[in-house]
Amino acid sequence: MPINKILILNGPNLKHVGKREPDIYGSTPIVPYLESLQALFPFTIECCYTNSEGEIIDRIESTEADGIVLNAGGYTHTSVAIADAIRATVVPVIEVHISNIYARESFRRQSLIAPFCKGSVSGFGLDGYRLALIGLEQIIANQAK
């Protein structure tokens, strides 16, 4: 089954990566970086940025994409509702974090969404998004077998 579209869904404050806390998240602006990924993949990549927990849930529940790359930001550590939406969706979800959440403050070391994702990428900077897209390609190809 060919992949038609992947949704990259970013949560709170992520649209400001490149300006916000560059010592943690790097100085490369996220929007042009994610747009540049389109040239590497044969499917459509749709990017969405929201600070709203409810909008993240709505996008997961209503997606017509073949898979989701999700950086839930701070909601990773607090949102049972997003975890439930991931558990209920039929499309594979890969969790992404720009920083290594396991090397940060103790409250950031637990992901409530990870148990319901097909995989997690953490600590590779913005390149984690590319790695997650490669992972989704493999997961979707294996599902088609």
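**Exercise 1.** Classify Leu 131 by its relative accessibility of 31%.

*Solution.* Buried means under 20% relative accessible area, exposed over 50%, and partly exposed in between (1.4 Å probe, protein chains only). At 31%, Leu 131 is therefore partly exposed. Leu 131 sits in helix H5, residues 127-144; helices (H or I, at least four residues) and strands (E, at least two) are DSSP runs, numbered from the N terminus.

The model is predicted: local features need pLDDT of at least 70, side-chain atom pairs count only at pLDDT 80 or more, and totals for chains, interfaces and linings use all residues. Residues are numbered from 1 along each chain as its sequence is written, and side-chain values use heavy atoms, leaving out hydrogens and water.

**Exercise 2.** Determine which residues Glu 46 pairs with in salt bridges.

*Solution.* A salt bridge is a side-chain nitrogen of Lys or Arg within 4 Å of a carboxyl oxygen of Asp or Glu. Step one: Glu 46 and Lys 5 meet at 3.2 Å, N to O. Glu 46 is in strand E2 (residues 44-49) and Lys 5 in strand E1 (residues 5-10), so this pair ties together parts 41 residues apart in sequence. Step two: Arg 59 and Glu 46 meet at 2.4 Å, N to O. Arg 59 belongs to helix H3, and the two residues are 13 apart.

**Exercise 3.** Explain how far apart Asp 127 and Arg 130 are in helix H5.

*Solution.* Their side chains form a salt bridge of 2.7 Å, N to O. Because they are three residues apart in H5, about one helical turn separates them.
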